[in-house]
Structures are given as C-alpha cells and as structure tokens.
Amino acid sequence: METKHTKGEWTLCQKSGTNDLCRIKDSSGGIIADCFWLGEGRSQLEAEANARLFYAAPDLLEALQSALPYLHKETRIKAEQAIKKATE
C-alpha cells in the first residue's frame with residue numbers, strides 16, 4: 001500500500017503564548033498539524049490529547065497493517081475499515 005501521508009519522523013512540540021497550541025512537525029521542521037486550545041472551544045488537555053493522537057497516527061497505522069494477518073475475522077474487518085478511513 002502506498003503511503004500518502006508525510007513520511008519520516010514526526011515531532012510533537014508545544015508552544016505557549018497568545019496562540020497556545022500543540023504542533024506536529026515533520027523531520028525537516030515543516031508543520032503537519034496544529035491543535036489549538038484557545039478560541040476553538042477546546043481545553044488545553046483535549047488539544048494535547050488530539051495532538052498526541054495525530055503524532056502517533058503513522059506508527060498506529062503501520063502497527064495495524066502489520067497485525068492484519070494475525071487478527072480474527074471480526075477484528076480484522078474493523079482494522080481494515082480503520083485503515084481505509086486513514087488512507088483513502
């Protein structure tokens with residue numbers, strides 16, 4: 001399966017100030033995603049949790065793809081649906 005998301009190591013960093021956010025960057029420092037908690041109706045804890053989930057997404061996708069052959073039918077179907085959701 002071809003990878004369409006940003007390849008390489010991602011980093012998670014936090015920035016404080018007037019635009020408080022958690023930022024996910026690629027290996028060259030490019031911004032992949034920002035998770036704000038001010039002015040967006042989210043708490044800081046929720047924004048940080050969202051950022052951690054984004055940050056872990058490539059590793060979770062790879063692990064799930066690797067596990068597919070070992071999963072029971074119902075679990076495999078759910079895993080395949082999640083992979084499809086992430087890749088299409």
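Start by selecting Arg23, which counts as buried at 18% relative accessibility. Buried means under 20% relative accessible area, exposed means over 50%, and partly exposed lies in between, with a 1.4 Å probe and protein chains only. The model is predicted: local features need pLDDT of at least 70, side-chain atom pairs count only at pLDDT 80 or more, and totals for chains, interfaces and linings use all residues. Residues are numbered from 1 along each chain as its sequence is written, and side-chain values use heavy atoms, with hydrogens and water left out.

**Stop 1**

Strands here are DSSP runs of E with at least two residues, helices are runs of H or I with at least four, and both are numbered from the N terminus.

A salt bridge links Asp34 to Arg23, with the closest N and O atoms 2.7 Å apart. Asp34 belongs to strand 3 and Arg23 to strand 2, so the pair ties together parts that are eleven residues apart in sequence. The term salt bridge requires a side-chain nitrogen of Lys or Arg within 4 Å of a carboxyl oxygen of Asp or Glu. By this rule the count comes to one salt bridge. Side chains of opposite charge can pair when their charged atoms come close.

Is Asp34 buried or partly exposed? Asp34 is partly exposed, with a relative accessible area of 29%.

Show the surroundings of Arg23 next. Neighbours within four places in sequence aside, Arg23 is in contact with Thr11, Leu12, Cys13, Ile31, Ala33 and Asp34. Contact means heavy atoms within 4.5 Å.

**Stop 2: the hairpin**

Select residues 21-25, strand 2. Four of the five residues of this strand are buried, so strand 2 is largely enclosed by the rest of the structure.

Two strands pair if DSSP finds at least two bridges between them. Check the facing residues: Cys22 stands opposite Cys35, and Lys25 stands opposite Ile31. In a regular strand the side chains alternate between the two faces of the sheet.

Move to the turn. Strand 2 and strand 3 form a hairpin with five residues between them. Pick Gly29 there: its phi is positive, about 95°.

**Stop 3: Asp26 in the loop**

Select Asp26, in the loop between strand 2 and strand 3. What does the side chain of Asp26 reach? It reaches the backbone nitrogen of Gly30, at 2.7 Å.

Asp26 is buried yet has no salt bridge. The nearest side chain of opposite charge is Lys25, 8.6 Å away. For charge, Lys and Arg count as positive and Asp and Glu as negative, while His and the chain ends are not counted.

Beyond four places in sequence, the contacts of Asp26 are Thr6, Glu9, Trp10 and Ile32.

**Stop 4: strand 1**

Select residues 11-15, strand 1, and pick Thr11. Thr11 counts as partly exposed, at 39% relative accessibility. Leaving out neighbours within four places, Thr11 is in contact with Arg23, Ile24, Lys25 and Tyr55. Then bring up Ala56. Thr11 and Ala56 lie 45 residues apart in sequence, and 9.7 Å separates their C-alpha atoms.

Go on to Leu12, also found in strand 1. Leu12 is partly exposed, with a relative accessible area of 34%. Not counting residues up to four places away, Leu12 touches Cys22, Arg23, Ile24, Ala51, Arg52 and Tyr55. Glu48 is 36 residues from Leu12 in sequence and 9.6 Å away in space, C-alpha to C-alpha.

**Stop 5: the whole chain**

Zoom out. The chain has two helices and three strands. From the N terminus on, the order is β-β-β-α-α. Of the 88 residues, 20% count as buried.

Among contacts between residues at least 6 apart in sequence, 26% join residues at least 24 apart.

Finish with the surface. The accessible surface of the chain comes to about 6,700 Å², and 51% of this belongs to carbon and sulfur atoms. These areas come from the Shrake-Rupley method with a 1.4 Å probe; for residues, only the protein chains shown count as cover.

How values were computed. Polar contact = N/O pair within 3.5 Å; in protein donor to acceptor, adjacent residues only side chain to side chain.
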